[in-house]
Amino acid sequence: MERDAISEPMIDAVDVTRTFGRVTALDGVSLRVPRGSVLGLLGHNGAGKTTLVNVLTTMVPPTTGTARVAGFDVRRDGDQVRRRIGLTGQFASVDEDLTGEANLVLIARLLGAGRAQARQRAADLLAIFDLTDAARRAVKTYSGGMRRRLDLAASLVGRPEVIFLDEPTTGLDPVSRMAMWEIVQQLVADGMTVLLTTQYLDEADRLADTIIVLSHGKVVAAGTAAQLKAEVGQRSITARLRAAEDGPAAMAAVRRVGLTASHDEERRVLVIPVVGFADLATVVRALDEARVEPAELALTEPTLDDVYLALTDQTSAAA
Amino acid sequence: MATTTHPATGAARPTVTAPAAWHGSGLATQILVLAGRALRPVFLDAGRLFFSLLQPLVMLLLFSQVFKTVADTPMFPKGVSYIDYLVPAILFTTATTVATQAGVGMTNDMTNGVLARLKSMPVRPISVLVARSVADLARGALELTVMLVLAALIFGYDPAGGVLGSAAALLLALAVGWSLGWLFLAGATWLRGSQNVQTLGILVMMLLQFASSAFVPVKALPGYIQAVAKVNPLSYGINAARDLVLGRPPGTGLVVALLVSGAVAVVGSGLAVAGFSRR
């Protein structure tokens, strides 16, 4: 039993479907999140991200399929699941009229803490989230970033095993976003399992171990950021030439080794789509033989944006 | 951003490996904590407290002046001053206003995400609803008591039923208001945080308050309003409260008022729980 609990994924959804009337919000979604890892859930507005979070946090039962969180079925053992999760929604769900401290104390008390324990836990979390100075102020006076930090702190009061972050940085300024990322990274370092929904690809790239792309309620791609990029996006070598006259010679050299290239004459840049790392050596050798010495040579990875656009394009074309 | 701004020491950091120290709270704790939370801003916000106490007083002042001459009409009970006639009604209109606030409070919780958080926690739906209801009951008790005391001090309210009669009327008004509060809570959960709850609340409240025996005897109302007033639970409550205040035996009116309130509370709370758990 103990061993099972450790090897068992913290989130395990099998063929989850959820319909609202005629609208299918989730269409056979399966996913597994191992303990201590971060799953990034990417998708447009309306792709089904929030519905999936709602199903996994027991707020909406699945129409068909099963989902287990922290080892408990979301439908049968909702209360057990709710004791082990934290949820930070898209809109900071803290009481505006109460102080930051009162919000955290309230949650601790509801989770079963005594008055003194609750105050201690609140003080600890306020310190961790850099809110001690604002502890006695009503939340309505907080900035967006402070509110979001308090909201995350509120989700952590009960020492959850799994935390759901539904677009945690939407609407935050860059500094607050970075601060939020650091906090999430720290949580993961402590062994927390995180499910993160986001529209920002850099956020998923930076925080998530595994990424799932949702579109129209279906999983259209899953894997690490690198896998997704390798699968869909195209790596390429960009070579910036020293002189425009080098252009034709460089083009010919690349063609001789069986690769294609496009030449941006104005910027003196050659773009050569390649498959793997070995092609870099091939290109370097070919250019060297043609006595073309580029000013700059780089292997560029596709960005997640390329991946995301490619994937969502495919699905809308198929639909 | 390499340096961390969080004084995160290993011990203070929230860790998953630490087993959860708490195993959920009981129903009573949940209700108490949530009711306290709902009441807190009422007492912390001096302005809000002042205005919620001011409202029944302004009503008392306005109505006692505007409708004063009603006491001289032949349909008005003989030997009763209008202020003694009016106070029981203001008890009920105030209690009804407090009842609509229950719906408004729930609506706010739905729109600002507090309810979503509570739903993601091991908190029972009934605790959330009962807490809201209890909080407004406490607020109503405070407002009605202050109103009665000031009516006696400022407006010369001195009915034949004495302190006991007035206290009984206050309790009855609270009971009726509390039961109506469940209807507004139900409305809030079914309308899902729509701002229409407030508008609807005001409409229903005005209908209940004016199409009743609150301000003038039912006999003095036009026929079609009389029809509404006669089935209006508020009329029964107000009539019974008036009897209590004026030192007359309240008779069956009191029983009817309590029965109707009980029925309204049962139906309202059932609808509220169903609406709360829906989705």
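I began with strand 12 and strand 13 (residues 269–274) of chain A, which pair in the antiparallel sense over three bridges; two strands pair if DSSP finds at least two bridges between them. Strands (E, at least two residues) and helices (H or I, at least four) are DSSP runs, numbered from the N terminus.

I note that this is a predicted model, in which local features need pLDDT of at least 70, side-chain atom pairs count only at pLDDT 80 or more, and totals for chains, interfaces and linings use all residues. Residues are numbered from 1 along each chain as its sequence is written, chains are lettered from A and ligands numbered from 1 in the order in which they are written, and side-chain values use heavy atoms, without hydrogens and water.

**Sheet of chain A**

Within this pair I found His263(A) opposite Leu270(A) of strand 13. I then looked at what packs on the sheet: helix 10 (residues 246–256) of chain A touches strand 12 and strand 13 (contact: heavy atoms within 4.5 Å). The direction of helix 10 makes about 10 degrees with that of strand 13 of chain A; axes are lines fitted to C-alpha atoms, for helices over the stretch in contact, and angles run from 0 to 180 degrees between N-to-C directions.

I traced the open sheet as four strands of chain A in the order 12-13-11-14, with antiparallel pairing. Strand 12 (262–264) and strand 14 (296–300) of chain A each have a single partner strand, so one side of each lacks a neighbour in the sheet. Neighbouring strands are turned by 20 degrees against each other on average, direction ignored.

**Interface of chain A and chain B**

I recorded 51 residues of chain A in contact with 40 residues of chain B. The buried area is about 4200 Å², of which carbon and sulfur atoms give 61%; this is the accessible area (1.4 Å probe) that two parts lose on being put together, summed over both. Leu110(A), Arg159(A) and Asp190(A) supply 17% of the area that chain A buries against chain B, more than any other three residues.

I found two salt bridges across the interface (side-chain nitrogen of Lys or Arg within 4 Å of a carboxyl oxygen of Asp or Glu). Asp95(A) and Arg37(B) meet in a salt bridge at 2.6 Å, N to O.

**Within chain A**

I also looked up Lys49(A) and Glu167(A), whose side chains form a salt bridge at 3.4 Å, N to O. Lys49(A) lies in helix 2 (residues 49–56) and Glu167(A) in the loop between strand 7 (162–166) and helix 7 of chain A, so the pair ties together parts 118 residues apart in sequence.
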